Amino acid sequence: MINKPANIQLDEHGRLKHFLSIEGLSREIINQILDTAAGFAGVNDKAIKKVPLLRGKTVANLFFETSTRTRTTFELAAKRLSADVLNINMNTSSTSKGETLLDTLRNLEAMQCDMFVVRHQDSGAAHFIAENVAPHVNIINAGDGRHSHPTQAMLDMFTIRHFKGDFEKLRIAIVGDISHSRVARSQVHALSTLGAREIRLVSPKTLLPAEMASFGVEVFHDFDAALDGVDVIIMLRLQKERMRGALLPSADEYYARYGLTTERLALAADDAIVMHPGPTNRGVEIEGIVADGHRSVILQQVTFGIAVRMAVMSIAISATEQSSARSSHS
Ligand code: NCD
């Protein structure tokens, strides 16, 4: 008999059924996502960018928080897998008329949707939905509060692997507003599971939560010192919409200490790459010329995001299909 794993993301055979966070996933599953995405990156380079893996399936994008690139790349990923896609703006849907989230979900289930891609301002929302959804529906977390943004972290890992190869050789700096960043949290889990040589978190003291220091990372408050020998620099947006109170010095002071400028980039390894999950704020955390420069892979991250999301969706759907094939034969 197989014991049901405590991790709600996995089915009873240890396959990825929901994609809610990187925490708790094995290196094997993370590599399965990266390897599957490498296959889909080839599809995205073809004249006809479609494969039939999700034909006949319906994917509903449930975005309670605004998003451009994440929602759009999820939509393109689902369409390139031949799924039908519903985009539901939850800010104008019935939940804003007082219907509970669970009632909205029951209605979408009644329309025979197969997968919900969820973005929500509250940490834990995707997990709550996964716990309450019908067994045949897959949940993909597209960002919940400051908790987790697992597909962003996976597309970042894909980008790093593509440009830099073996994680065990790499020094990676994650810079900026770590406190409010679901992206940074997911990246730290992914990088440590993949065995990165060094993870450096760089931020003002007010924007670095104490618990992050226990994740096997090195903490720096001096950006220049942190850049010595780094292979990958990941810049984060200042998440002002999530800040309460005065956590920041003035914008000029922040840029002077934590902005990635051309002069600062020269302190990193000669072939270091520059990443950012977007949206970028030029002149706030990154100089425009650096964001557009030849070391920047920011737009490649967006392109790879489609292949990575195709990988996650197809892996999750195939876990559910294998389970239902097994139960219909028993
Ligand atoms: C990130 C997010 O929403 O958490 N962006 C994204 O998904 N591309 C980062 C951010 O908003 O700064």
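Biologist: Where does Pro279 lie?

Modeller: Pro279 is in the loop between β9 (273-275) and α10 (288-291). Such helices (H or I, at least four residues) and strands (E, at least two) are DSSP runs, numbered from the N terminus. The model is predicted, so local features need pLDDT of at least 70 and side-chain atom pairs pLDDT 80 or more, while totals for chains, interfaces and linings use all residues. Residues are numbered from 1 along each chain as its sequence is written, and side-chain values use heavy atoms, without hydrogens and water.

Biologist: How do I read the backbone there, and which form does the peptide bond from Gly278 to Pro279 take, cis or trans?

Modeller: Most peptide bonds are trans, and most residues other than glycine have a negative phi. The bond from Gly278 to Pro279 is cis, with omega near -10°. Ser82 has a positive phi of about 75°, although it is not a glycine. Ser82 belongs to the loop between α2 and β2 (84-89).

Biologist: Which residues are around the ligand?

Modeller: A residue counts as near if one of its heavy atoms lies within 4 Å. Around the ligand are Arg69, Thr70, Arg119, His149, Gln152, Arg182, Val183, Arg237, Gln239, Pro277, Gly278 and Pro279. By class, the shell holds three nonpolar, five polar and four charged residues, with Gly counted as polar, Pro as nonpolar and Arg as charged.

Biologist: At what distances do polar side-chain atoms of Arg119, Arg182 and Arg237 lie from an oxygen atom of the ligand?

Modeller: A polar contact is a pair of N or O atoms within 3.5 Å. The distance is 3.0 Å for Arg119, 2.7 Å for Arg182 and 2.6 Å for Arg237. Taken alone, the ligand exposes 320 Å², of which the protein buries 94%, by the Shrake-Rupley method with a 1.4 Å probe.

Biologist: Why does the ligand lie between domain 1 and domain 2?

Modeller: Because domain 1 (27-149 + 303-324) and domain 2 (150-298) both give residues to the shell around the ligand. The domain bounds come from an automatic or database assignment.

Key:
A polar contact is a pair of N or O atoms within 3.5 Å; within protein, one must be able to donate a hydrogen and the other to accept it, and residues adjacent in sequence count only if both atoms are side-chain atoms.
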